[in-house]
Every structure is written in C-alpha cells, then in structure tokens.
Amino acid sequence: MRRLTLLLVIVVLVIAGVAAWYFRKPPRPTIRFAAESRPAVDFARLDATLPLSVEELLSLSPNQFASMSQEEVDQIYGRLTAGPIPDGAYDGDLMFPRGTDGETRLAEILNGRLKARLANVGVRKLEFLGRTLWKGKVFYRDARLLRNRIEDLAILAPITGGNTDGIEKISVRGRDAFLLFPAKLYCGQSLLDGRRESVIIDYAFTDELPGYRAHPDELAGRDGLRVRDEIRMVRPGFYLGRAYLNRVFGLNFTLYSPEVDMAGRADFKAGTVAEDCWAGTQQIARR
C-alpha cells in the first residue's frame, strides 16, 4: 500500500511538473506562415502574399523562436530587413536546429582538426556550454566592431588555459561578463535570402581586431570554426540571427535590448526606422 501511495505521489509530481512546464511555454505567435515548400522557400512570393504586419512583429518575443520549426524561423527571417546596425549591449539566446535523427548540425560541421581538439567536450556539451556561457553581444556601431559576452570562463579553462588576465569585462543589468571573440560589422548579402542585405558579423579576421586574445578567440576565426553571423531586425532592439560555420548554417540566435525596444516602438509603428543596409528592390508592405 505504501509503495502504491508513493507511486501515485510520483505520478502526480511528474504531471504537475509537465503541466507547469507547459503553461510556462510562451504562446505561439500570431504569425502567418506559408505551407512548407521544397526544396526552398520562395521569399519573393512570401513577401508579396504574406507580408509581416507591425502587429505580427510586435507580438513576437525572443523565446518564441525555440518552439518553431526551422522553416518557420526561415520564413520570418526572409520577410525582415536589416534595420539599423545596433549599438550597445544585447542579450542573446541560441536555438540549435535538429535533424531527423535528433542531432544538431554542429556535429556535421566540425572539421576533423576541430573535432580532435574538442573531442573531450562532445557536441551535446558544446551546445550546453554555448547556451550557458554566451549571454549576448556588445555592438560598437561607430567603430563597426562587436564583441561577445561570455559569463563564466571557469568552465572554459581547458581552452583559455585558466588565465583571464587582461580580458575586459562588462556589467549589463547587474550581470558581469567577459568580452571575447571580436568581429567586424558591416552590411552584406544574406546567405539565406540574397534579395536584400543583412547586418554581417564577421570573425574571419578576428586576430587583427582590438581586444583579440588567441585563446579562445581563435576558435571563431579563420583558423577555427570560421564563424560568420548575419542578423535582421524584428523591431528596434530585437534581432533574429543566423550563424554560419565555414559558410554552412549552424544555428539561430536572438538578440534583445528591452531599453531599445521600448524607446523605438513609436518610430516602428510610424514606419520611420532607418535602414543602414540595402533593403532590396521588393517593397515590403507593413499592414
């Protein structure tokens, strides 16, 4: 009897936990999507038939992308423009697209040399480290430079050598982080949607930039993963990004600044947000 009672208690706790998780999930956004298309989405037709409205874009929050399929994320990204190049600190989150076998594309992208260097970490641990340690990016708009916010280098000791001397730190809303992985900022062609430009975050020449530190910054550069990010604006203060490793798509990410979001809503609703990058010839109707 006692065992049955204990089993019932466990079942109730599990159900309660699942229910709590379910109701904490962000609601599905009120975004219109086209039916899935193969082999690729026709972004020109998508823009013409289902342009994203101001209300749809205002309904999005950064954590909603984790519940979307990769094609839904792509359909949103293809209907965005770059907007202004950001400035200042942005909070970040990563979303790893998975294949039919449940594994992320990260395992496929790592080349032999990097696999050997990171063999003791493992792909799943790399994903965990990415989401745990990476807290966002800091944009230096005027200098056209960027650096990444890494919260705890202790876990990265095997890569950094355990030495944090000379690494600059930043505090954002009371949370400290190290500034690592510098990159160049510029406007350039999207690798997903060539009809208009995105803001490019390029690590190819990270070793030539201010603040560079060989360990671990070289991992993102031309002798490592050859990372190239691109971002487009959902609304001021909120960007959707795509990360490429050696020109192969690896993951999605979001960047968010609540202060810029609140300050820019009036201009966004009025349609007066500046475009720093080429928005293409196809006009987007914000209905």
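**How many helices and how many strands does the protein chain have?**

The protein chain has 10 helices and nine strands, where helices (H or I, at least four residues) and strands (E, at least two) are DSSP runs numbered from the N terminus. This is a predicted model, in which local features need pLDDT of at least 70 and side-chain atom pairs count only at pLDDT 80 or more, while totals for chains, interfaces and linings use all residues. Residues are numbered from 1 along each chain as its sequence is written, and side-chain values use heavy atoms, with hydrogens and water left out.

**Exercise 1. Decide whether Glu230, Val138 and Gly162 are buried or exposed.**

Step 1. Begin with the cut-offs: buried means under 20% relative accessible area, exposed means over 50%, and partly exposed lies in between (1.4 Å probe, protein chains only).

Step 2. Glu230, which lies in strand 7 (residues 227-235), has a relative accessible area of 0% and is therefore buried. Its side chain makes a polar contact with the side chain of Ser190 at 2.6 Å; such a contact is a pair of N or O atoms within 3.5 Å, where within protein one must be able to donate a hydrogen and the other to accept it, and residues adjacent in sequence count only if both atoms are side-chain atoms.

Step 3. Val138, in strand 2 (residues 134-140), has a relative accessible area of 4%, so Val138 is buried.

Step 4. Gly162 is found in the loop between helix 8 (157-160) and strand 4 (169-172), and because its relative accessibility is 54%, Gly162 counts as exposed.

Step 5. For the protein chain as a whole, buried residues make up 43% of the 287 residues.

**Exercise 2. Find which residues Val138 touches, and set the distance along the chain beside the distance in space.**

Step 1. A contact means heavy atoms within 4.5 Å. Leaving out residues up to four places away in sequence, Val138 touches Gly88, Ala89, Leu145, Leu146, Arg147, Arg149, Ile170 and Leu179.

Step 2. Take Ile170 from that list: Val138 and Ile170 are 32 residues apart in sequence, and their C-alpha atoms are 9.2 Å apart in space.

Step 3. Among contacts in the protein chain between residues at least 6 apart in sequence, 68% join residues at least 24 apart.

**Exercise 3. Work out how the rings of Phe65, Phe238 and Tyr256 are arranged.**

Step 1. A pair of aromatic rings is described by the distance of the centres and the angle of the planes. Rings of Phe, Tyr and Trp (its six-membered ring) pair if their centres lie within 6.5 Å; planes under 30 degrees apart count as stacked, over 60 as edge-to-face and the rest as tilted.

Step 2. The structure holds six aromatic pairs. In one of them, Phe65 and Phe238 have ring centres 6.2 Å apart and planes at 75°, so this pair is edge-to-face. It links distant parts of the chain, 173 residues apart, with Phe65 in the loop between helix 3 (54-59) and helix 4 (70-78) and Phe238 in strand 8 (residues 238-245). Both Phe65 and Phe238 are buried.

Step 3. The rings of Phe238 and Tyr256 have their centres 5.8 Å apart and their planes at 85°, so this pair too is edge-to-face. Because Phe238 lies in strand 8 and Tyr256 in strand 9 (residues 248-256), the pair ties together parts that are 18 residues apart in sequence.

Step 4. Phe65, Phe238 and Tyr256 form one aromatic cluster.
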